[in-house]
Amino acid sequence: MKRQIFAPEHDAFRDTVRAFLDREVLPHYAQWEKDGIVSREAWRAAGKQGLLGLAVPEEYGGGGTPDFRYAAVLAEEFTRAGAPGLALGLHNDIIGPYLTGLATDEQRRRWLPGFCDGSLITAIAMTEPGAGSDLQGIRTHAEDRGDHWVLNGSKTFISNGILADLVIVVARTTPEGGAHGLSLLVVERGTDGFERGRNLDKIGQKAQDTAELFFHDVRVPKENLLGELNGAFLHLMTNLAQERLSIAVSAIAAAEHLLEITTEYVKEREAFGRPLATKQHIRFEVAEMATECAVTRTFLDRCIEDHSNGELDAVHASMAKWWATELQKRVADRCLQLHGGYGYMSEYPVARAFTDGRIQTIYGGTTEIMKEIIGRSLLG
């Protein structure tokens, strides 16, 4: 089915993204995977190309458009290219809204130009060793010392953890229990007491630096409080719909791309003297995946359109996230199987997509959390 949500300007942007990938990313990606981190030059190149800060006002160097369809194009093309290591989606779609929506005028002037030109790489530090999706379990805390906070605690699984110049830390700022005593504190590179642990060894997304972060008596200026004091829970909930939609967009793009390359593979690969595509089982497998992708794509495009119009709610974002990521996982597994032994070889895109995509049902809220959100909305 022909997609109907994009205008000519989105198609032109897609061409720009593809050219950027061919020029600045794909020639270097194998080395980035060996290094476990992308180069800072790639971030600066993305900024120069106008791929950073798409929704940031033009006065700070951004694209000045809240139209999420541009972000969707970016996510789709990076996914098709098999290049999740350069985490522009995290920077733009997840962290960007905190800075544009919550920052004071002074904070915007201080942070947004670098955010847009690629000289200031960002991360958000929420997850802790003892607290994953459960915000109530956060132990990192900050004590009010008058003109500054003293921050102590640790975080783990932080994307961009090694490269990040600016980290939004979710910390407890009252001794009260529950999720309502949390605040967002911005910690900048070079601050005393802020240390990075090891670059974590993951099964996939090898080029994406994911790290442990440690905070020992870190002095955070009062002017680095982002948003309302003790208001982090509401801020986080407000922005989670876009985060989950962004993950879902990359998930359906991955599933579609895997189906595409597998369809071509089974047409060419022979078994017992005939192409695999002539086998009824293979045709049924491809038919099932194609139908699931088509149905999911229709729902996702509606979610993209609704979000661009400011109408997407948390429940439908959760539906999109769990369904699309679980589909991606199923399609990756089935496509790898159809590749046979070659599917297990790292040089084949299907093998890398299998490991790179496995995190999708976990981060941004697990499938189980998504179902809980949906269930509560229906059953109270």
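Student: At what angle do helix H5 and helix H6 pack?

Tutor: In this predicted model, helix H5 (residues 88-102) packs against helix H6 (residues 105-117) at an angle of about 160°, and their axes are 10 Å apart.

Student: So how are H5 and H6 oriented to each other?

Tutor: Angles over 145 degrees count as roughly antiparallel, and H5 and H6 are therefore roughly antiparallel to each other.

Student: And is the crossing left-handed or right-handed?

Tutor: The crossing of H5 past H6 is left-handed.

Student: Which residues make the contact?

Tutor: From H5 the contact uses His91, Asn92, Ile95, Gly96, Leu99, Thr100 and Leu102. From H6 it uses Gln107, Arg108, Trp111, Leu112 and Phe115. By type, the residues of this contact are 6 nonpolar, 5 polar and 1 charged.

Student: Changing topic: where does UniProt place the N-terminal domain?

Tutor: The unreviewed UniProt entry gives "domain: Acyl-CoA dehydrogenase/oxidase N-terminal" at residues 8-118. In the model, that span is 68% helix and 0% strand, with its end C-alpha atoms 27 Å apart.

Student: Is phenylalanine 157 buried or exposed?

Tutor: Phenylalanine 157 has 58% relative accessibility, so it counts as exposed, the cut-off for exposed being over 50%.

Student: What about aspartate 217, what is its phi?

Tutor: Aspartate 217, also not a glycine, has a positive phi of about 50°. Its place is in strand S7 (residues 210-221). With 43% relative accessibility, aspartate 217 counts as partly exposed.

Student: One more residue: where is glycine 161, and is it buried or exposed?

Tutor: Glycine 161 sits in the loop between S3 and strand S4 (166-172). Its relative accessibility is 0%, so glycine 161 counts as buried.

Student: What is glycine 161 in contact with, leaving aside neighbours within four places in sequence?

Tutor: With those neighbours set aside, glycine 161 contacts Arg196, Asp209, Ala211 and Leu213.

Note on methods:
Residues are numbered from 1 along each chain as its sequence is written. This is a predicted model: local features need pLDDT of at least 70, side-chain atom pairs count only at pLDDT 80 or more; totals for chains, interfaces and linings use all residues. Side-chain values use heavy atoms; hydrogens and water are left out. Axes are lines fitted to C-alpha atoms, for helices over the stretch in contact, and angles run from 0 to 180 degrees between N-to-C directions. Helices (H or I, at least four residues) and strands (E, at least two) are DSSP runs, numbered from the N terminus. Angles under 35 degrees count as roughly parallel, over 145 as roughly antiparallel, 65 to 115 as roughly perpendicular and the rest as oblique. A crossing is left-handed if the near helix is turned anticlockwise from the far one by less than a right angle, and right-handed if clockwise. Contact means heavy atoms within 4.5 Å. Ala, Val, Leu, Ile, Met, Phe, Trp, Tyr, Cys and Pro count as nonpolar, Asp, Glu, Lys and Arg as charged, and the others, Gly among them, as polar. UniProt positions are given in the numbering used here, feature names are shortened, and annotations may be inferred rather than shown by experiment. Buried means under 20% relative accessible area, exposed over 50%, partly exposed in between (1.4 Å probe, protein chains only).
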